[in-house]
Amino acid sequence: MAQTDNTKRNDQHKATLKAAHRKKHGRRHGTPHTTTLRRTLRREAPSTVGLLVDAQDFAAMRRYGTFPFDDHTVYLQQVEALLKALTAQGVHITVALFDPEDFEEFCAESGLDADTGASRSRFTAEIAAAGATVAYTGQGIDDLIPVLVSRAVRQATWEYATLLLADLGTCADCGQDIGRAAFDRASHLLMRLLETAGPGTHHLVCSVPTDNDQLLAVLHTHRDSTGPARLDSAEGAEFATVLAVAVALESRGGVVLRTSAPDSPDRVHGWRLAHGGLAPLTAGEVFNAYCTDADTGEPVSPESGVEYCAGFDIGAEPPETHR
């Protein structure tokens, strides 16, 4: 009997110790309510993932001992798994292009040790704030990479074109900022072109040669039978900036417009930049431009169901000259 009483007391003592342990560590690690709150905050805290898109960039990162991957394909598979896991938790994810050369420069300028995960994380946060990014929406990694690369090229083009305009200075006669005036002119040309193009889905390409590069801007818009054209404001600004370079430098830039509408063939129109305006190309010139390989100069077969048309007059006022 005495042994039974002792056993009961021991069991009660153990139960008391366990309860005290749970209470103590429950306060340390959080009650179920506080844990739920933290999980909610985690879902509402966005995440950024820096992505090495090609094998060359991946190879450049392998020189760092703390970089844990040795196979680019496996790396991409792991990144995709991470993106899907975060999405399943309800976390908003932004994917940024991770450039090893920019990372090295960033660490050197910031006095950081490049061979640490913390430095990679800090650099990723910096490029997410100012660089080219894509919101992850569940797409596969093979579909995500081309979109991210295209976004990065667009941003680099816009930044370069912006610098070109900024370096032009002011007009010697009137004191007006030449780059600003060219951008205003380009914006006016773009809006007049979209107004005159009419309803349909429009795909515009502006190509401008410069001393160092060939600038290219793309714009997608749609216009119903009533109302103005709908376009992404960032794409519109990028397109107008590249067009402004051609206006300001009076370069040999050109614009191509492809319009799609229900129950009709696609129509392609073209213009050349001339004296700060858009001069329509003939149908033959549009055909030659569209059906010639830009790299080799060899003819390319025309697309079936596409009409190659002369550029139309957009009725823009003549530009003022600033020098």
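Is glutamate 109 buried or exposed? Glutamate 109 is exposed, because its relative accessible area is 71%, and the cut-offs are under 20% for buried, over 50% for exposed and partly exposed in between, with a 1.4 Å probe and protein chains only.

Before going on, a word on the model. It is a predicted one, so local features need pLDDT of at least 70 and side-chain atom pairs count only at pLDDT 80 or more, while totals for chains, interfaces and linings use all residues. Residues are numbered from 1 along each chain as its sequence is written, and side-chain values use heavy atoms, with hydrogens and water left out.

Back to glutamate 109. Its place is in helix H5, residues 100-110; helices here are DSSP runs of H or I with at least four residues, strands are runs of E with at least two, and both are numbered from the N terminus. Together with Glu101, Asp102 and Glu105, Glu109 forms a negative surface patch. A patch takes residues with over 30% relative accessible area and no salt bridge, and joins like charges within 9 Å or nonpolar side chains (Val, Leu, Ile, Met, Phe, Trp, Tyr) within 5 Å. Asp and Glu count as negative, Lys and Arg as positive, and His and the chain ends are not counted.

Next, helix H7, residues 141-166. Its 26 residues should span 38 Å at 1.5 Å a residue, and the end C-alpha atoms are 37 Å apart, which agrees; the expected span is 1.5 Å times one less than the number of residues. Buried residues in H7 include Ile141, Leu144, Ile145 and Leu148. Tyrosine 160 also lies in H7, and at 25% relative accessibility it counts as partly exposed. The C-alpha atom of tyrosine 160 is 9.1 Å from that of valine 242, though the two are 82 residues apart along the chain.

Now the salt bridges. A salt bridge here is a side-chain nitrogen of Lys or Arg within 4 Å of a carboxyl oxygen of Asp or Glu, and by this rule there are nine. One of them joins arginine 154 and glutamate 235, at 3.9 Å from N to O. Arginine 154 lies in helix H7 and glutamate 235 in helix H9, residues 233-249, so this pair ties together parts that are 81 residues apart in sequence. Arginine 154 is partly exposed at 22%, whereas glutamate 235 is buried at 14%. Arg154 and Glu235 are also linked with Glu238 in a network of salt bridges.

Helix H8, residues 178-197, holds aspartate 184 and arginine 180, four residues apart and separated by about one helical turn. Their closest N and O atoms are 2.9 Å apart, in a salt bridge. Aspartate 184 is partly exposed at 38%, and arginine 180 is partly exposed at 45%. Glutamate 195 and arginine 192 form another salt bridge, 2.7 Å from N to O; these two are three residues apart in H8. An α-helix has 3.6 residues a turn, so residues three or four places apart point the same way.

Last, two backbone angles. Aspartate 263 is not a glycine, yet its phi is positive, about 60 degrees. Aspartate 263 sits in the loop between strand S7 (254-260) and strand S8 (266-274), and counts as exposed at 85%. Histidine 275 likewise has a positive phi, near 55 degrees. Its place is the loop between S8 and strand S9 (277-280), and histidine 275 is exposed at 69%.

Conventions
Accessible areas come from the Shrake-Rupley method with a 1.4 Å probe; for residues, only the protein chains shown count as cover. The place of a charge is taken as NZ of Lys, CZ of Arg, CG of Asp or CD of Glu.
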